[in-house]
Structures are given as C-alpha cells and as structure tokens.
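Thanks for coming, everyone. Please have a look at the chain on the screen, and then I'll walk you through it.

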Amino acid sequence: AHIILGTPFVVITVTATLTAAESGSTVLIHGTNNNIINLPAAATTNPGLYYDFIVLTAVGGSTSTIVNIDGSGGQFVGALSLAGGTAANAVLDVAGDAFTFVSGTVIGSRARITCLTDDGTNGVWQVESLASPIATID
C-alpha cells in the first residue's frame with residue numbers, strides 16, 4: 001500500500017489524513033483496498049477547503065472507502081445521486097460524519113467535499129456525490 005502526494009493528485013490506497021495544503025487536489029481511490037481517508041483536523045481556517053474524489057479502481061465486493069470528519073460533532077450535509085439515474089434517485093442526507101463509497105462502487109464514481117464551517121472543534125462539510133451504487137453518509 002502507498003500514498004502518492006502532490007497536486008493535483010493524491011492516490012489513496014491505505015489509511016491517510018489529508019492536509020489543508022492539499023486542498024484543491026483530486027484524490028484517486030484505489031478501491032480494491034479498504035480505505036480510510038481522514039479530512040484535516042478541525043480548525044477555524046478550514047472553511048473553503050475542498051477535495052475531489054474519483055474512484056479509479058472499482059470498490060471491491062468486500063471493501064469500502066470511507067471519508068471521516070475530525071471532531072465528535074462534525075457532520076456532512078450532502079446531495080447523493082445515483083450515476084445513470086434520474087432526479088428521483090437523489091438523496092439529501094445530513095446525519096453523520098462518515099461518507100462512504102460502498103462495496104461495488106464503479107470506476108468514475110466521484111464526490112466533491114467542501115468545508116462550510118469549522119469552529120476549531122467540529123466542522124460541517126458539504127458532499128456532492130455521483131456514484132453507482134449510491135454513496136452513503138453515516
């Protein structure tokens with residue numbers, strides 16, 4: 001397992017923590033591994049940070065890729081859509097601090113995650129996702 005860091009790409013194949021300096025990067029997901037990606041630690045300077053995630057290798061049948069928010073009360077607010085679906089497939093979710101590309105997620109599934117607010121203890125991050133099957137927030 002390895003991580004290749006650098007703008008504009010960060011390749012994730014393990015547990016990793018993104019930094020504020022990597023904001024604006026595209027994170028390429030190698031889905032044959034169980035990946036855990038931690039967003040930067042809670043900080044009042046986080047609002048405006050954003051990361052694009054793209055599944056480069058399909059998420060295996062028994063694996064997942066999880067993006068976590070730092071802080072006990074952090075949360076995602078998200079619009080999750082099914083790739084190839086219709087507007088009726090969209091899901092709005094505001095309950096959780098873990099965004100997941102679930103088992104079976106196909107190549108090309110994607111998400112943009114942006115920090116909206118952060119008080120230095122907890123952050124609110126917006127996620128816009130287009131994936132098949134649909135991603136989750138827990």
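Which residues do ring pairs link into a cluster? They are F76, F99 and F101.

Some ground rules. This is a predicted model, where local features need pLDDT of at least 70 and side-chain atom pairs count only at pLDDT 80 or more, while totals for chains, interfaces and linings use all residues. Residues are numbered from 1 along each chain as its sequence is written, and side-chain values use heavy atoms, with hydrogens and water left out.

Now the overall picture. The chain has twelve strands and zero helices. Both are DSSP runs numbered from the N terminus, with at least four residues of H or I for a helix and at least two of E for a strand. Of the 138 residues, 41% are buried. Buried means under 20% relative accessible area, exposed means over 50%, and partly exposed is in between, with a 1.4 Å probe and protein chains only. Take the contacts with a separation of 6 or more: 64% of them come from residues 24 or more positions apart. A contact here means heavy atoms within 4.5 Å.

Five strands form an open sheet in the order 2-4-6-9-12, with mixed pairing. Strands 2 and 12 stand at the edges with a single partner strand each, so one side of each has no neighbour in the sheet. Two strands pair if DSSP finds at least two bridges between them.

Let's step across. Strand 2 (residues 15–17) runs parallel to strand 4, joined by three bridges. There, A16 has I37 as its bridge partner. Strand 4 also pairs with strand 6 (residues 65–68), again in the parallel sense, over four bridges. On that side, I37 partners V67. At the other end, strand 9 (residues 98–101) and strand 12 run antiparallel, with two bridges. F99 stands opposite I137 there.

Look at strand 4 (residues 35–38) once more. Its side chains alternate.

The rule covers rings of Phe, Tyr and Trp (its six-membered ring) with centres within 6.5 Å; planes under 30 degrees apart are stacked, over 60 edge-to-face, and the rest tilted. F76 and F99 are edge-to-face, at 6.3 Å centre to centre and 65° between the planes. F76 sits in strand 7 (residues 75–82) and F99 in strand 9, so this pair ties together parts 23 residues apart in sequence. F99 and F101 have centres 5.1 Å apart and planes at 80°, so that pair is edge-to-face too. F99 is buried at 0% relative accessibility, and F101 is buried at 1%.

Who else touches these rings? S129, in strand 11 (residues 123–131), has contacts beyond four places in sequence that include F99 and F101. Also among them are A79, L80 and R110. S129 is buried, at 5% relative accessible area.

Last stop: how many salt bridges does the structure hold? One. It joins the side chains of D52 and R112 at 2.6 Å, N to O. The definition asks for a Lys or Arg side-chain nitrogen within 4 Å of an Asp or Glu carboxyl oxygen. D52 is in strand 5 (residues 50–57) and R112 in strand 10 (residues 110–118), 60 residues apart. D52 counts as buried at 18%, whereas R112 is partly exposed at 37%.
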